[in-house]
Amino acid sequence: THDFAALCTNCTEKQNTIRTIHSISIEKQGDTVLILVKGNGFLYNMVRIMVGTLLSVSMGKISPSEIKGIIEAKNRAKAGPTAVAYGLYLNKVFYDSVNFDN
């Protein structure tokens, strides 16, 4: 549970930007990388900014040790770029033990 203001586009100071990320998994399948993020809610572009920041880490532009400071700074400019939305989708939504699976 953290204040993820640094990973949000167009968030305001009045907006509650505290969210809980339960898990993140990253798996490579051939040329595809699957990133599964489970949380109690997401801010606008939060997952895309997470992915962009992880890509910056993989390219050596951001050190893994900087991630904690980026989140603590609550400054969007310190995080990586917003990854493109292509391939991003909402998989499942859960509300109080109810699964809204198709």
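**Entry 1: Asn45**

I began with Asn45, which touches Leu7, Thr9 and Thr82 when residues up to four places away in sequence are not counted. I kept in mind that I was looking at a predicted model. Asn45 sits in the loop between E4 and H1. Is Asn45 buried or exposed? Its relative accessibility is 15%, and because buried means under 20%, Asn45 counts as buried. I also looked up its backbone: phi of Asn45 is near 65°, a positive value in a residue other than glycine.

**Entry 2: Asn10**

Next I turned to Asn10, where phi is near 65°, a positive value in a residue that is not glycine. I found Asn10 in the loop between E1 and strand E2 (18-19). Asn10 is exposed, with a relative accessible area of 66%.

**Entry 3: the core**

Then I went inside. Which residues touch the most other members of the largest nonpolar core? I noted Phe4, Leu7, Ile21, Met46 and Met50, out of 17 residues in that core. Helix H1 (46-58) and helix H2 (67-73) are the elements that give two or more residues to this core. H1 gives the most, with five residues.

Leaving aside neighbours within four places in sequence, Met50 is in contact with Leu7, Ile21, Ile24 and Val37.

**Entry 4: the hairpin**

My next stop was the pair of strands E3 and E4. In which sense do E3 and E4 pair? They run antiparallel and pair over eight bridges. I picked out one partner to trace by eye: Ser23 has Lys38 in E4 as its bridge partner. The hairpin of E3 and E4 has two residues between the strands, and Gly30 takes a positive phi near 65° there.

**Entry 5: a nonpolar patch**

I stayed with these strands and looked at the surface. Ile24, Ile26, Val33, Ile35 and Leu54 form a nonpolar patch there, and together they have about 410 Å² of accessible area. Strand E3 (21-29) and strand E4 (32-39) each supply at least two residues of the patch. I checked Ile26 on its own: this residue is found in strand E3. Why does Ile26 count as exposed? Its relative accessible area is 53%, and exposed means over 50%.

**Entry 6: salt bridges**

I finished with charges. Side chains of opposite charge can pair when their charged atoms come close. How many salt bridges are there? The count comes to two.

The side chains of Asp3 and Lys74 meet in one of them, at 3.7 Å from N to O. Asp3 lies in strand E1 (residues 2-3) and Lys74 in the loop between H2 and strand E5 (94-95), so this pair ties together parts that are 71 residues apart in sequence. Lys74 has 47% relative accessibility and counts as partly exposed.

Lys68 and Glu72 also meet through their side chains in a salt bridge, at 3.9 Å from N to O. Where do Lys68 and Glu72 lie? Both are in helix H2, four residues apart, which is about one turn of the helix. Lys68 is exposed, with a relative accessible area of 58%. Glu72 is exposed too, at 53%.

Note on methods:
Residues numbered from 1 in each chain as written. Predicted model: local features only at pLDDT ≥ 70, side-chain atom pairs only at ≥ 80, totals over all residues. Heavy atoms only, no water. Patch = residues over 30% accessible without salt bridge, like charges linked within 9 Å, V, L, I, M, F, W, Y side chains within 5 Å. Areas by Shrake-Rupley, 256 points an atom, 1.4 Å probe, with all protein chains shown as cover. Salt bridge = Lys/Arg side-chain N within 4 Å of Asp/Glu carboxyl O. Buried < 20%, exposed > 50% of the residue type's maximum accessible area, 1.4 Å probe, protein only. Pairing = 2+ DSSP bridges. Core = buried A, V, L, I, M, F, W, Y, C linked by side-chain atoms within 4.5 Å. Contact = heavy atoms within 4.5 Å.
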